[in-house]
Amino acid sequence: MRRILLFVPFIFCIVLGVLFVKGLSLDPTELPSAKIGKNFPSFELPSVRDADKVYTQTDMQGAVRLVNVWATWCPTCKQEHSYLNKLATTQGVEIIGINYKDDRAKAKQWLKRYHDPYILISMMKKAV
Amino acid sequence: MIAELGQYALILGLVMATFLAIIPMYGASTGNVFWMSFAKPLAKSLFLFLLISMLCLVYAFATDDFSVEYVAGNSNSALPIYFKLSAVWGGHEGSLLLWVFILTCWIFAVAVKSDGLPLDISARVLSVLGMVAVGFASFTLITSSPFERLLINTPVEGADLNPLLQDIGLIIHPPLLYMGYVGFSVAFAFAIAALLSGKLDVAWSRWTRPWTNVSWAFLTIGITLGSWWAYYELGWGGWWFWDPVENASFMPWLAGTALVHSLAVTEKRGLFKSWTLLLAIFTFSLSLLGTFLVRSGVLTSVHSFAADPERGLYILVLLAITVGGSMLLYAIRAYDMKSESDFELCSRETLLLINNLVLVTICAMILIGTLYPLLIDAMGAGKISVGPPYFNALFVPFSLILCFFMAIGVSLRWKKSSVSALVKQLLPSLIISVILGVVAAYLYNEQMTLKATIALVLSFWVLISLGLDVYSKVKNSSVKILAVKKMPISYWSMQLAHLGVVVSLVGVALVATYSQERDIRMQVGDSIEMEGYRFEFKGVEKRQGPNYTSDTGTLVVYKGDNFFAKMHPEKRFYPARGTVMTEADIDAGAFLDIFVALGEPLADGAWAVRLQYKPFIRWIWLGGLMMMFAGLLSAFDKRYKRRDKQRSTSTPVASLA
């Protein structure tokens, strides 16, 4: 019995070794988003296209959709816009836009100039 | 060219280490004296070559040789000279070379001091140390040589040492810490030598003890310095974060403490032999584990060097051979260990066994907490982090339990103590301690907490137990001073070490319970009160340093109505790396630290200021310092001095006859 007990540290080291080999293939700095699987936050925001219309989160429900937060003052949004257009037109992805801290007239003009792929856009003046 | 010399010296060192690993070991297993006698010269030449290699790297830093990639990555011509030299161990490659160099220093010391050992033991010990050296020297050479050159586009200027490291802490913390980590390889080597030779008598533990105590002392001061450095350098006032790398240094310390105690039992009573062997292997394995965790990228930590899974795999293989091999050897050979005596339940042996169990339990809990995120991630169950809530919840009660048993343990005799005598001695002192502890806690701060009060009670109890023990040893002698002198040095180092634990305990308990912190916005002329101190913000002005520009704030502190101190916290900008550092200003006192740091500049010339009130925080490190002195002192005990006197008296005796 004592003989077997003496092997416990050795076995423990083997187990740790296996763990570490697995650990080397992982990246501890890669962090998945903490919000995956959670409900979309509820909100009530006015539309960009029609100033009197108000959208809530229920208007977005019913299908798998892509929500894009963008603004006219955001250079990277401009860069990715052509990709969004492609998604909407050739692949039929339904994109919902949330225009953040922007001007309604400017937003409408920007979309007219660069093409509007959104099925619905709402305006957000500050963080919800 | 000097860098190439350094590389070549490292290669030669590796060659010496390889011979050292093989030749004396072969000699020991065949009883060949000629082969065994190679151990010492090989050990000494190994040290010589690593010394040359290290000096070459230091030279490259001293002369701003940016054609050496490692120098270019960690130094800068504007860096003050003392930082240029300590930048040698500021990054992965250089610190690894330091690790190997310190290993060869210990190997050299063992070679020089091993004349009292039988030849086959010293040959085996040095061989095992040579094997460790082969592992690390080859790792350095093959994956992480600090001597790599940047010869095509040699940079004109270096990337500068990380400003966090431009501090005296960098100069002393890594070398002393490594002395500790690496020093446990000697205890490990003795254990392996004993297992291989089958000779595990009391002499083995007597030889191992001084090496273990001194390594333990270095590891203690290394950890203490790390904590002190984090406190004043990082700017948040914290002194221990249960960061994976901190844990990686604390675990070998815990195992090492258990080893120090276990060796005492084995030497004095011939007991716990296989337990001591296991601890010796275990402690060094934890040192190596620490090396792996820091450099492989398996865990994230503020301390990690560049994370590189390829290097991680190499170290893991090293670990598998060293730790796996030694554990297997233990499993096969330790069965033949027989105890030389036995002991009663109420005896010092029992308490030391409890001591070992508690220390190993704490170590295991810290290991679980440190590795748990990795385990969860490896199982694909998500990313979690384990932090202070877990560690503190477990460490605090167990360390209080440890102190409780420490008070009892120092009062017990070996083999057998009478329970009634023990109760008679300790119960009054326990009652007095409870009274003293509660009164002290109340006087200090009327809002007492249970944990701090218990810590104070236990501290008083240990103190009284230590005092009673000293008293019992001198009371029977008429001339007290002579009795004191007669006590061996090892007795005083034991008392000093236990006293150090108590001092640290008091520091930790009081600072954890009663420290205060304020983060506030201050305009010029604003003033704020905290714990009887008034802080007046006088504004911030710009200043130029050797390799940085600084925003230096001025705060005048009043205690009650009297002027207390003028404090100058800084925010420094280092242009070479473009980083900003917070330099806190600390008014350090024996019983209280006032800690002031600048946060961010706000609108209208206001600043966010962080004020902290830290009572008794210096006691934590004072305790560590005391423990270090105790460990170093124990190496001077008379029993380790060579028996030269016996040899010199033999001739006169012959002539008398």
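Chain B of this predicted model is assigned four domains. Their bounds are as follows.

| Domain of chain B | Residues |
|---|---|
| domain 1 | 1-161 |
| domain 2 | 163-396 |
| domain 3 | 397-514 |
| domain 4 | 516-618 |

Between domain 2 of chain B and domain 4 of chain B, the C-alpha centres are 38 Å apart. Six residues from domain 2 of chain B and 14 residues from domain 4 of chain B take part in the contact. On the side of domain 2 of chain B that touches domain 4 of chain B, four residues are nonpolar, two are polar and none is charged.

A pair of helices in chain B can be described in more detail. Two packed helices are described by the angle between their axes and the distance between the axes. Helix α11 (residues 273-296) of chain B and helix α12 (residues 309-333) of chain B have axes that come within 9 Å and cross at roughly 175°. Angles over 145 degrees count as roughly antiparallel, and α11(B) and α12(B) are therefore roughly antiparallel to each other. The contact includes B:Leu277, B:Ile281 and B:Phe292 in α11(B), and B:Ile315, B:Leu319 and B:Tyr330 are among the residues it involves in α12(B). By class, the residues of the contact of α11(B) with α12(B) are 13 nonpolar, six polar and two charged.

The confidence scores come last. The model has an ipTM of 0.78 and a pTM of 0.85. Chain B has an average pLDDT of 88, and 96% of the residues score at least 70. Among the elements of chain B, the highest mean pLDDT (96) belongs to helix α3 (residues 39-62) of chain B, and the lowest (42) to helix α20 (residues 644-656) of chain B. The pLDDT is below 50 over residues 644-657 of chain B, a stretch with zero contacts in the model beyond near neighbours in sequence.

Methods
Residues are numbered from 1 along each chain as its sequence is written. Chains are lettered from A and ligands numbered from 1 in the order in which they are written. This is a predicted model: local features need pLDDT of at least 70, side-chain atom pairs count only at pLDDT 80 or more; totals for chains, interfaces and linings use all residues. pLDDT is the predictor's confidence in each residue, from 0 to 100. Helices (H or I, at least four residues) and strands (E, at least two) are DSSP runs, numbered from the N terminus. Two residues are in contact if their C-beta atoms, placed from the backbone, lie within 7 Å. Domain bounds come from an automatic or database domain assignment. Ala, Val, Leu, Ile, Met, Phe, Trp, Tyr, Cys and Pro count as nonpolar, Asp, Glu, Lys and Arg as charged, and the others, Gly among them, as polar. Axes are lines fitted to C-alpha atoms, for helices over the stretch in contact, and angles run from 0 to 180 degrees between N-to-C directions. Angles under 35 degrees count as roughly parallel, over 145 as roughly antiparallel, 65 to 115 as roughly perpendicular and the rest as oblique.
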